Amino acid sequence: MEISSKEHTHFFSNNTIVPVDQSSFKSESSASKEKQSCCGGIKIFLGALSFAYFAKALSGSYLKSTITQIERRFDIPSSLVGVIDGSFEIGNLLIIILVSYFGAKLHRPRIIGAGCLIMSAGTFLIAMPQFFMGRYRYERFPSTINSTLSLSPCLQEKSQTPLLERSQTKINTGCEKEAGSSMWIYVLLGNLLRGIGETPIQPLGITYIDDYAVEENAALYIGCVQTVAIIGPIFGFLLGSLCAKLYVDIGFVDLDSITISPKDVEWVGAWWLGYLIAGVISVLAGIPFWFLPKHLPKPQSRKDSSTSSEHSKFIIEENKDQRTSYWQQAKLAEMAKEFFPSLKNLFGNPVYILYLCASIIQFNSLIGMVTYKPKYIEQQYGQTSSKTNFVIGLINIPAVAFGIFSGGLIMKKFRIGVLGAAKLSLGSSFFGYLLLLSLFAMGCENSDVAGLTVSYHGAKPMADYEEALFSECNSGCSCSKNDWDPICGENGVTYVSACLAGCQASNGTGKSTVFFNCSCVGTFESSQSSSAVVGPCQKGNECPKMFLYFLIISVITSYTLSVGGTPGYILLLRCIKPHLKSFALGIYTLAIRVLAGIPAPVYFGVAIDTTCLKWGSKRCGGRGACRLYDSSALRYVYLGLTLVLGTVSIFFSVAVLWVLRKRSSPQDETLSANGERGACGTKSRKDNFVNSDRLIQSTYWPEKETRL
C-alpha cells in the first residue's frame, strides 16, 4: 500500500506538472505564431502595395513620356495637353475625400484592389483612339514621297500650279470627316478614370502599414514603398523610349514608305502600345488585395500603446470593452457625423496648414517641371523623344529613388524627431532649388532657321516672324507660310520648306531626297553651295556639351530635392491626431491634386506656348501643334517659373520650422535631438487640438506621437 501510495503520488504529481508545462508551451507558441502572422501579413501587404505603387507610377510616368507624342498625334497645343494631364487629378478630386474618410472604416485592401482594376480600365481607354482614327499624316512635299512625279519645289512654271491645286483639293475633301473627330477626348476621359482608380492606394495603403507595422519599422516600410514606386517611372520612361522609336502606325502601314525619322519634329512613335502594357500590369497589381484580410494582428509593442488603430479610435473611448461591437454596428450616417468636426480639427492645426501650403506650391513647381521636361530637353538640346525618355528613366529617376530612400534611412538611423524632419525637408528644398538656378547658364542657342531666328541673309529678322518667311530669293515661288517641311542647306541653316528655300530641282525619293539650285541657300552670306537635304539641321557644336552639363546638375538636383520626401511624410503624420491620419493624408492629397496637379500642367503649357515661333496647321485649317520654339525664351519661362514657385514654398517651410520651434519647449528640443521625444510636444496650452494635459512620449513613429 505504501508503494502504491507513492506511485499514486508520483502519478498525480506528474499530472499536475505536465499541464503547467503544456500551457506555458502553448502560450509561448501562440505568441510566436502571432508574431510570425503579424510580420508575415504586413510584409505580404507591403509587397502588394509596392507592386500597386509600381503599376500606378509606371502608367503615370508613361503618360509624361508621351506628352509630345500625343501633342503631335492629335495636333493640339501644349496648353490642351496640360488639360489632358490634369484630368488625372480631377479624377482624384471626385472621390478622394469619400475614399480617404469612409474607406478607412471599411475593407481597405479590397478598396485598393478595386481601384487598381478601375485604373487599368482607364489606361486601356487612353489607347483606344489609335484603333478608331485614321492613319497618321504628316506634311511632306510630293517630291519626297515615293512617287513617279517630278515636281519643282519652287513652282515657277504655271503648268505645275494646277497640279498642286488638285492635290490640295483632294486633301480638303477629307477634312469634313476629320474635323469632327476630337479623339483626344478619349485620352482625357481615360486619364480621368485612371485618377479615380488610383485614389485609394496612397491614403489607405500608407495608413494600413502605419496601423499594423512595428513602430521601429514603419518609416522604413514607407520609405521602401516609395522607393519601389520610383522603379515604376524608370520602367515607364524606358518603355516610352522604346515605343517612341517605333512608328505610330507600326503593323498598319509599310514602314519603308515612311519619309520621316525620329529626329523630325513631326515624328510620332507608337504611343498607344505602352498603355496596353501598363493596363495589363495594373490588372495584375489589383489581384492580391482581394485575398488580404481587413485587419492584421497588432504588434505586441503596440498593444499597450497609448494610441490605437484607426478603427478603434473611430469609436468613442468610453466603454472600451464594447469598442468592437460598436464598430460592427456603425453605419455610414454615424460616420458622417464626425466628418466636419474632424475637418475643423485638421484646419486648426497650424503646422498641418503651413506644411500643406508649402507642399502645394512646391508640387506646382515639380509637377510643371516634370510634365514638360521631355519637351524641354527635345526643344532645348535637339534630342529625340526616344533618347530623352531613356535619359530621364535611366539617370534622373534612379537619383530620385536613391534620394527618397536616403531620407527614410537617415530618419531611422539617427532617430530624427519632428523638428529634425522639418529641418531636413527645408534643407533639401533650399539646396535643390539653389542647384536649379545654375541650369539657366546651360542652354543652347536657337537653331538658325531662315525667316524665323535669322534672316535669309544671315542677320536676325527685325520684322514679324510670319512676314519674314518671304524674301526676294523666294518671291517667284508659290509658297505657303503654313507649311512645315524643313530642309537643311549646306550652309548649316534650316529652311521651313524647300519652296521657301527657292529650290528649283530635286533628286531621289523619301529620306534620301536632295534639293538643288536653292536660290535662298545661295544668297546666304556664308553659303558656297545651293543644295539642301531633307530634315532640319543639327544644333550647334556646343549643344552636346551643354546637354551633358544639364544632365549632371539635373541628377544632383533630383537627388537633393527627393531627400526631403520621407521626412515630410513623418512631419505630416506626427503632428496630427492618430485617428485622423487617413483623413489628413486624404485632404493633403486632395489639395495637391486640386491646387497643383490640375492647374500646373495647364499654366505651364500656356506659358510654354508663348515661346513658340512656328505653329503647325491642321489639314482643315486652324492652328495645330508647335513646330519650333524660341530656345532662350523657353529656358527662361520653364526654369524661371519652376524656380519662383520653389522659392515661395521655401518661405512656407521656414514658417513650419518657426511654429515647431515656438511650440516646443527647450527640453523637448534637446530630447528630440536624442530621439527620446518628438518636437511636436508642447507646453500645456489651450489649443483646440489638445486632448491631454500630459505629453505623450514619442519613440519614433506617429502611432505614439506627441500632439500640438
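## Surface and overall make-up

The protein exposes about 30,600 Å², and carbon and sulfur atoms supply 62% of that area. Accessible areas here come from the Shrake-Rupley method with a 1.4 Å probe, and for residues only the protein chains shown count as cover. Keep in mind that this is a predicted model: local features need pLDDT of at least 70, side-chain atom pairs count only at pLDDT 80 or more, and totals for chains, interfaces and linings use all residues. Residues are numbered from 1 along each chain as its sequence is written, and side-chain values use heavy atoms, with hydrogens and water left out.

As for secondary structure, you'll find 27 helices and seven strands. These are DSSP runs numbered from the N terminus, with helices (H or I) needing at least four residues and strands (E) at least two. Of the 708 residues, 56% count as buried. Buried means under 20% relative accessible area, exposed means over 50%, and partly exposed is in between (1.4 Å probe, protein chains only). Take the contacts between residues at least 6 apart in sequence: 79% of them join residues at least 24 apart, where a contact means heavy atoms within 4.5 Å.

Phe291 sits in the loop between helix H10 (271-286) and helix H11 (300-303). Its relative accessibility is 68%, so Phe291 counts as exposed.

## Disulfides

A disulfide is a covalent bond between the sulfur atoms of two cysteines. The working cut-off is a pair of cysteine sulfur atoms within 2.5 Å, and by this rule the count comes to six disulfides.

Start with Cys473 and Cys520, which are joined with an S to S distance of 2.0 Å. The torsion about their S-S bond is about 95°, so this disulfide is right-handed. The pair links distant parts of the chain, 47 residues apart: Cys473 is in the loop between helix H20 (465-468) and strand S1 (487-489), while Cys520 is in helix H21 (residues 519-523). Cys473 counts as buried because its relative accessibility is 15%, and Cys520 is buried at 0%.

## Two links between strands

Cys503 is joined to Cys518, again by a disulfide (S to S 2.0 Å). A torsion of about 100° about the S-S bond makes this one right-handed. Cys503 lies in strand S3 (residues 503-507) and Cys518 in strand S4 (residues 514-518), so the pair ties together parts that are 15 residues apart in sequence. Cys503 is buried at 0% relative accessibility, and Cys518 is buried at 1%.

Then there's the disulfide of Cys612 and Cys626, with 2.0 Å from S to S. With 105° about the S-S bond, this link is right-handed. Cys612 is in strand S6 (residues 612-617) and Cys626 in strand S7 (residues 623-629), 14 residues apart. Both of these cysteines are buried.

## Two further cysteines

Cys243 has a relative accessible area of 2%, so it counts as buried. Cys357, at 27% relative accessibility, counts as partly exposed.
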